[in-house]
Amino acid sequence: MITTVSPIQRLSQDVISLIAAGEVIDSLAAVVRELSENALDAGATRISIHLWPAVWRVRVTDNGVGMTRSDLEQAATAHSTSKIRTCDDLSQIQSLGFRGEALHSLAQLSALEIRSRGVDDVGWRVNYGAEGTVLAIEEVAIAPGTVVTAENLFARLPNRRQVLPSVPQQLRQVQQTVQQLALCHPQVTWQVAHTDRDWFTLWPGSTAKTVLPQILRDVTVHDLEQVSLSADDLGCEHGQLDLLVGLPDRCHRRRPDWVRVAINGRTVTAPILVQSLIYNFRRTLPRDRYPVCFLHLQVPAEQVDWNRNPAKSEIYLQDMEVWCDRIAIAVEKTLRLSNLADSAQTQRTKQLFKAAEAVSSYGLREKELPSQLKAIAQVQDTYIVAEHSGGVCLVEQHIAHERVIYEQIKTRWQTVAIEPAIILSQLSSRQVEQLRRLSLEVDLFGENLWAVRSVPAPLAEREDCADALLELSLGGDVDEAMVATACRTAIRNGTPLSLDTMQTLLEDWQRTKNPRTCPHGRPICLTLEESSLSRYFRRHWVIGKSHGLRR
């Protein structure tokens, strides 16, 4: 992505003759694509898109480098751009937009308005005529960046409106366009609104691995593996290959709709590269299933010709066969990394835990929890591993302790006097009344100051007692106050515990009236039966001297 401050100028006829036909603005998605690419070229890190399909309006707002008044006066005229100057520049394309036709096309198709301001400049608003000429210009107050609004799109071409897809289909195309741009530019925040409501937001991250789970809701970060190969890894002077892969034992699809390829920041149609990706996954997926993967190549500019078609979605790429070989290396590396990090037994592990959940503490089956638990370890300072006669339990220490404290408080809710009093400020009359309803002693101490002279017993010795009192003042009955107090005073996850402390907690938890869930309703214990563990480790197999023979 190139941030440019070069002035906008009209291209010479020699350069124009070498460029493919002007931008094709044939849908709402095309408008969003062209304006978003301009925003990315301007170095934007936040792009907001607002659509009003019923009135054929699109607005794109960015926080990138704005335009000067002279730039705005030229921006919508034909073949005017700041991104190239000479014929030689066409072989060194570093930006997403460069032909100087997008804004001109929009001016022909709509009532176009641009508001823009540079960091050290004033803001300007310009309205354009059908040929991109300036109709009106005035100084306006605006944050640094650019706002482009296209009103009444395609009004001058009613036949085009009539043949466009339905509004739901066009919105789906917009969504796909934004998703593709977000994968290519993960450092950008994307906010999209539809009519008068927020539609979706894609939050930024360092790589596409952060973005993809926001797009495919059934995919998590843990289902993905990513590899980045530098020029040295690829055996070339310049270039980079980034491959994001859904682990084959976790996610795959019925159609190759999520085998995506991007080159130098733009998603492209590249059938040869797509087939190469599918081929290299052929031994890792079930029959008739396709991988989830996103390939992004950073290729020297001189190896790419973007002028194959006006939409720049189809390209000529040099050394295609060489890149296919590099894809094979990248796929092999991602799968090898995933095998090292997570064994091929992931699916069976998931099935084991799914079976354990079904009979454990979720209340789906009325089954007695194991008795006589013996604490044997702590995992990540969060889970207590406990052994019992029928297998193993995992107990989440915070919510187990929360259950213990809640039941203790409930049986003997009491407040204790404290000295000195805790001084709270800016309490509303409703908050004061709420604290008194909980049997706490609260007196006026000064202007907008109140002295709390008694508190729930479990909070009396805590350093964060004042914060807890503010929470209690915000509402709820006595039982909700008990739950809040129990949550605040329970052992925190991340706290190392000795075996004796873990054992005491397990025994206290097992003596509670409702040991299955915490007061908020979350499950406390996951039970793994020995019979399930036996099946998982294939203990029903008979192991011979050189190989296993099943009974």
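Visitor: Are W56 and F154 buried or exposed?

Guide: This is a predicted model, in which local features need pLDDT of at least 70 and side-chain atom pairs count only at pLDDT 80 or more, while totals for chains, interfaces and linings use all residues. Residues are numbered from 1 along each chain as its sequence is written, and side-chain values use heavy atoms, leaving out hydrogens and water. With buried meaning under 20% relative accessible area, exposed over 50% and partly exposed in between (1.4 Å probe, protein chains only), both W56 and F154 are buried.

Visitor: Where in the chain do W56 and F154 sit, and how many residues apart are they?

Guide: The structure holds two aromatic pairs (Phe, Tyr or six-membered Trp rings with centres within 6.5 Å; planes under 30 degrees apart are stacked, over 60 edge-to-face, the rest tilted). The rings of W56 and F154 have centres 5.9 Å apart and planes at 85°, so this pair is edge-to-face. It links distant parts of the chain, with W56 in the loop between β2 and β3 (57-62) and F154 in the loop between β8 and α5 (158-163), at a separation of 98 residues.

Visitor: And W199 with F200: how are their rings arranged?

Guide: W199 is partly exposed, with a relative accessible area of 26%, whereas F200 is buried at 12%. Their ring centres lie 5.0 Å apart and their planes meet at 80°, so the pair is edge-to-face.

Visitor: Which strands stand at the edges of the eight-stranded open sheet?

Guide: Happy to walk across it! Helices (H or I, at least four residues) and strands (E, at least two) are DSSP runs numbered from the N terminus, and two strands pair if DSSP finds at least two bridges between them. The order in this sheet is β7-β6-β5-β8-β3-β2-β9-β10, with mixed pairing. Two strands each have a single partner, so one side of each lacks a neighbour in the sheet: β7 (134-140) and β10 (197-202).

Visitor: Which residue in β9 stands opposite I47?

Guide: Strands β2 (residues 46-52) and β9 (residues 189-194) are paired in the parallel sense, over six bridges. Opposite I47, the residue in β9 is W190.

Visitor: How many residues lie between β22 and β23 in their hairpin?

Guide: β22 (residues 442-446) runs antiparallel to β23, and four bridges join them. V442 has V452 of β23 as its bridge partner. In the turn, N448 takes a positive phi of about 60°, and the number of residues between the two strands is two.

Visitor: Which residues of helix α14 are buried?

Guide: Helix α14 covers residues 465-473, and just after it G475 has a positive phi of about 140°. In the helix, the buried residues are C465, A468, L469, L472 and S473.

Visitor: Which residue lies over the face of W258?

Guide: A charge sits over a ring if NZ of Lys or CZ of Arg is within 6 Å of the ring centre and within 35 degrees of the ring normal. One such case has R69 over the face of W124, at 4.9 Å from the ring centre. For W258, at 3.8 Å from the ring centre, the residue is R260.

Visitor: To finish, what share of the protein chain is buried?

Guide: The chain holds 17 helices and 26 strands. Of its 551 residues, the buried ones make up 47%.
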